[in-house]
Amino acid sequence: MSEQDIAIKLNDHDHEIGSLKHRVSDVEKKQEEFVKLSRNVERLATNMELMLKEQQKQREELNELRDAPAEEYKYYKHIVWGCIITGLVGAIIGAILATVIH
C-alpha cells in the first residue's frame, strides 16, 4: 500500500468518522426529545389522574345534593304520618274514656 493509498484511506476514514459523529449527534438530540416527551406524558397522566379524582369527588357531592330533597321529604312524610297516627290514637282513646266516664 502506498502513501497515497494510505492518505486516501485516512481521508475516507476521517469523512466516515465525521459522518458518524453527525449521526450520533442527531440521535442524541432525538433521544433528548423523547425524554422530554416522556416527562410530559407522565405529567399529563398525573394531571389526568388528579382530574379524575376531583371529578369523582364532585360527582359524589352532586349525588348528595340531588338526594338531599328526597331524604328531607321522606323525613317530613314520616313525621306527618306519625302525627296523624298519634292524633287518631288520641281521638280513639279520648272517645273510649268519654264513653267510660259517662
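**Exercise 1. Is Val41 buried, partly exposed or exposed at 48% relative accessibility?**

Solution. Start with the cut-offs: buried means under 20% relative accessible area, exposed over 50%, and partly exposed in between (1.4 Å probe, protein chains only). At 48%, Val41 therefore lands in the partly exposed class. Its place is in helix H1.

A word on the model: it is predicted, so local features need pLDDT of at least 70 and side-chain atom pairs pLDDT 80 or more, while totals for chains, interfaces and linings use all residues. Residues are numbered from 1 along each chain as its sequence is written, and side-chain values use heavy atoms, with hydrogens and water left out.

**Exercise 2. Work out what span helix H1 should have, and check it against its ends.**

Solution. Helices are DSSP runs of H or I, at least four residues, numbered from the N terminus. The expected span is 1.5 Å times one less than the number of residues.

**Exercise 3. Find the aromatic pair and say which kind it is.**

Solution. Rings of Phe, Tyr and Trp (its six-membered ring) pair if their centres lie within 6.5 Å; planes under 30 degrees apart are stacked, over 60 edge-to-face, the rest tilted. Searching the whole structure turns up one pair. The ring centres of Tyr75 and Tyr76 are 5.2 Å apart and the planes sit at 70°, so this pair is edge-to-face. Tyr75 is partly exposed at 49%, and Tyr76 is partly exposed at 48%.

Methods: Helices (H or I, at least four residues) and strands (E, at least two) are DSSP runs, numbered from the N terminus.
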